[in-house]
Amino acid sequence: MSEPLELQGRHIVLGMSGGIACFKSAELVRELQRQGATVQVVMTEAATQFITPVTMQALSNRNVYTHQWDTREPNAMAHINLTRGADAVLVAPASADFMAKLAQGRADELLSLLCLARPIERCPLLLAPAMNREMWAHPATQRNLAQLRADGTHILGPAAGDQACGEVGDGRMLEAQELCAEMVAFFQPKHLAGKRLLITAGPTFEAIDPVRGITNLSSGKMGFAIARAAQEAGAEVTLVAGPVSLPTPRHVKRIDVRSALQMHAAVLPLAPRHDVFVATAAVADWRPAECGTQKIKKDGSGRAPSIPMTENPDILADVAKLPGRPYCVGFAAESHELARHAREKRQRKNVPLIVGNIGPATFGQDDNALLLVDEHGERELPHAAKLSLARALVAEIAQRLGRA
Ligand code: C5P
């Protein structure tokens, strides 16, 4: 099952002010469209020095607007018409000068004019600053930034790194893909605003000797999707990940571990500082009692070595025992009788919510189906992309937090 188009039905006014980062805006139009959005480009005169309106028109498949006296609008009011059906105005790049103008509420050309004239409750304004590091750090720019934030403007980035001028520092515009991801996140309902969520994900690896170990087929995808969904829902997220090669979701703090013992040691001290703990990790139940420093060699006898095993601590159950514990959510990966096993697990681990899924059907896949079991009974989240399920689960957790 493919991921849903994240910006389907959204109409975005993409404003461009002057800066070399205008070249990234061409790709940004494509990224937004790939996610289902329609894009209306508006450029300042300075922006047209860096990339032509023809290029932006061809990419967006719409007329580009560059000045307030545009006679193509029947009522000659482009500054009003352009934002009335829009879900957001994104200015990328937003130059230092353009931010200064917005901070003062000036409106002497079309883009600043339409930003001022937009219906402020219905049509949010997002800025992707792009400028030299000295300009960014200048007290005047920082003062304008604080004013813009106070006025309800959302600031995306900027990133640090190489700049077109040859200097290195803060002020690079985010890449097109990053800006698109920020837009997707922006539109998610903020169910977990102000909450802190801790999550484990992936398999663990239990070493037998320096080159071998016991692990499992968990890909970490469900846990990483929940981390992303929770962050997009406004939570501060810490993700404790076993050995997986997935990219870290944006703005999520990641702690990499290998074994169950390491995961336990990372999670237990952090748990009391969080509102929610979600245990998606497929933690190994046992580990070799000892891990030698040398590789175990065949001894020529034809007999396999016997490897004594010892049980791992149960991270979820231990968090659930903490005084002032966070709201705990466990996962149950089963091969059959999902509801019964999930109910039993909920009792045994003493947690309010268990999320059941069929292990062999989900490990490594991009989609899944979930069964939520809590004190009130069961609720199915039917087969869907893991990110969609993660968003639905986050909403369910938020509801239960509200009731708790
Ligand atoms: O007992 P079982 O492994 O089936 O329980 C699964 C749930 O418990 C999952 O949420 C898993 O992340 C968590 N768990 C854990 N520590 C373990 C074993 C499982 O946190 N050692």
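This is a predicted model: local features need pLDDT of at least 70, side-chain atom pairs count only at pLDDT 80 or more; totals for chains, interfaces and linings use all residues.
A polar contact, as the term is used here, is a pair of N or O atoms within 3.5 Å.

At Ile315, a backbone N or O atom lies 3.0 Å from a nitrogen atom of the ligand. At Leu316, a polar backbone atom is 2.9 Å from an oxygen atom of the ligand. How much of the ligand's surface does the protein bury? Taken alone, the ligand exposes 450 Å², and 86% of that is buried by the protein.

Now look at the shell as a whole. The ligand is surrounded by 13 residues, and the closest are Ala279, Ala281, Pro313, Phe331 and Lys345. Sorted by class, the shell holds seven nonpolar residues, two polar ones and four charged ones.

Next, step back to the space around the ligand. Rolling a probe the size of a water molecule over the atoms shows where empty space is left. The ligand sits in the largest pocket, which has about 980 Å³ of space. This pocket is lined by 42 residues, and those closest to its centre are Ala281, Ala282, Val283, Asp285 and Phe331.

Which element gives the largest share of the pocket lining? That is strand 16, with five residues. Strand 8 (196-201), helix 9 (221-232), strand 15 (309-311) and helix 13 (359-362) are among the other elements that each supply at least two lining residues. In terms of class, the lining divides into 17 nonpolar, 16 polar and nine charged residues.

Before you leave the model, a few spots in the backbone deserve a visit. Most residues other than glycine have a negative phi, and most peptide bonds are trans. Ala92 and Pro93, however, are joined by a cis peptide bond with omega at about 5°, and Pro93 is found in strand 3 (residues 88-94). Another cis peptide bond links Gly157 to Pro158, with omega at about 0°. Here the proline, Pro158, is in the loop between strand 5 (154-155) and strand 6 (159-162). Finally, Ala76 has a positive phi of about 60° although it is not a glycine. To find Ala76, look in the loop between helix 2 (53-60) and helix 3 (78-84).

Technical notes. Residues are numbered from 1 along each chain as its sequence is written. Side-chain values use heavy atoms; hydrogens and water are left out. A residue is near a molecule or strand if one of its heavy atoms lies within 4 Å of it. A polar contact is a pair of N or O atoms within 3.5 Å; within protein, one must be able to donate a hydrogen and the other to accept it, and residues adjacent in sequence count only if both atoms are side-chain atoms. Accessible areas come from the Shrake-Rupley method with a 1.4 Å probe; for residues, only the protein chains shown count as cover. On a 1 Å grid over the protein atoms alone, a cavity is a set of points where a 1.4 Å probe fits but cannot get out, and a pocket is an open set with protein on both sides within 12 Å along at least five of seven lines; lining residues have an atom within 4 Å of a point. A molecule sits in a cavity or pocket if more than half of its atoms lie within 2 Å of its grid points. Ala, Val, Leu, Ile, Met, Phe, Trp, Tyr, Cys and Pro count as nonpolar, Asp, Glu, Lys and Arg as charged, and the others, Gly among them, as polar. Grid points are joined across faces, edges and corners, and a volume is the space filled by probe spheres set on the points. Helices (H or I, at least four residues) and strands (E, at least two) are DSSP runs, numbered from the N terminus.
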